[in-house]
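Colleague: Could you talk me through this model?
Modeller: Gladly, here it is.

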Amino acid sequence: MKLAHLMALPLALLTVAPALAHHSFSAEFDGKKPVRLVGKISKIEWTNPHSYFYLEVAGRDGKTATWACESGGPGALSRRGWKKGDVKIGDTLIVDGYLAKDGAHLIDARRLKLPDGRQIYGGTPGDGGPGDNANG
Amino acid sequence: MTAPPSPAPFPRTLASALITLALAASAGVWLQPLRAATPASASIQQTMLTQIDPASDALWASVGTVETARGTVHRAPRSTAGWQKVSALADTLVAGARHLQRPGVPVGATAHSRLADADTPGTRTAPQIAADIRADPARFVRHAKALEQAALSARTAAQRHNAEGLISAGAAIDAACEACHAAYWYPRTPPLTLPDPDHFGASARHP
């Protein structure tokens with residue numbers, strides 16, 4: 001590897017360094033850009049302060065892209081009625097959410113439709129799921 | 001018998017240093033150096049940047065579960081030293097939360113400090129936040145105490161090597177953070193209400 005490449009690596013890694021964990025919804029996502037994803041789950045990360053699941057979504061051009069779906073932490077999802085095993089690797093889901101402002105393949109996941117037709121919610125205030133009292 | 005290794009040439013040393021620096025940055029520990037003790041003059045903004053945010057990020061990242069087609073991995077400290085590190089992170093959070101409870105802690109380094117997300121319309125400015133705190137200092141202290149209590153729970157879980165307890169305490173830390181941010185920092189707009197599936201589907205992009 002050439003030195004120039006090695007010197008470029010830190011800059012590249014800086015661009016993927018994790019952002020601060022806390023932002024308002026409007027700082028990170030665009031409420032005017034609703035997105036509906038249909039794809040298979042390839043990875044699930046159950047972590048605080050956000051859980052992420054990753055969907056393999058086939059685009060209109062025939063290419064498959066990986067989308068990250070951000071939701072609440074494990075506790076918040078539990079309060080929305082999620083149960084262990086509700087989502088499984090390989091399941092095909094329909095996910096409604098809002099696109100990240102920076103154009104990344106990232107959405108604030110609000111509502112998931114499971115293969116059996118049930119709907120579960122992502123834990124963001126306003127998603128309308130069980131326990132959501134964001135609007136009184 | 002092998003010859004002792006010769007000193008690495010400068011370019012390799014430089015490259016190694018840069019990579020190390022980059023890896024540290026990618027882990028979020030370089031841009032925001034973690035401080036165990038809070039300078040008495042630290043503002044809320046400085047306390048967040050140097051203590052509370054990096055400590056909470058590292059604490060949250062220390063435990064969780066990842067599922068893929070290859071199986072399920074439960075992430076948690078695997079040694080006493082690892083748990084002690086998490087306990088130290090909780091101590092940092094406790095120290096930061098207690099600093100926030102001191103009377104008269106300034107919001108930003110100066111009265112004109114730009115806070116994170118200042119470019120997002122509606123995000124509260126440092127003078128606005130300072131005015132809100134002055135109007136009801138006890139309310140702000142209650143938020144800081146909620147963070148302190150959650151961090152103490154995290155420390156207890158770490159001392160007991162209790163991964164589930166640490167996840168619960170991590171959720172409580174997140175709840176304390178969000179409640180305070182919503183009260184003082186985030187735009188005061190009503191949460192975006194999700195339309196029903198039919199209406200949402202009609203307006204949504206379908207990649």
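Colleague: How are α5(B) and α6(B) oriented to each other?
Modeller: α5(B) and α6(B) are roughly antiparallel (an angle over 145 degrees), because their axes, lines fitted to C-alpha atoms over the stretch in contact, cross at roughly 165°, with angles running from 0 to 180 degrees between N-to-C directions, and come within 8 Å. This is a predicted model in which local features need pLDDT of at least 70 and side-chain atom pairs count only at pLDDT 80 or more, while totals for chains, interfaces and linings use all residues. Residues are numbered from 1 along each chain as its sequence is written, and chains are lettered from A and ligands numbered from 1 in the order in which they are written.

Colleague: Which residues are buried in helix α4 of chain B?
Modeller: In α4(B), a DSSP run of H or I with at least four residues, the buried residues (20 or more other C-beta atoms within 10 Å of their own, C-beta atoms being placed from the backbone) are A126(B), I129(B) and I133(B). They fall within an arc of 65°, taken from the directions from the helix axis to the C-beta atoms, so they line one face of the helix.

Colleague: And what is exposed on the other side of α4(B)?
Modeller: A131(B), R134(B) and A135(B) are exposed there (12 or fewer such atoms), whereas the cover over the buried residues includes α5 and α6 of chain B.

Colleague: Switching to chain A, how many helices and strands are there?
Modeller: Chain A has 3 helices and 6 strands (strands being E runs of at least two residues), and 37% of its 136 residues count as buried.

Notes:
Parallel < 35°, antiparallel > 145°, perpendicular 65-115°, else oblique. Contact = placed C-beta atoms within 7 Å.
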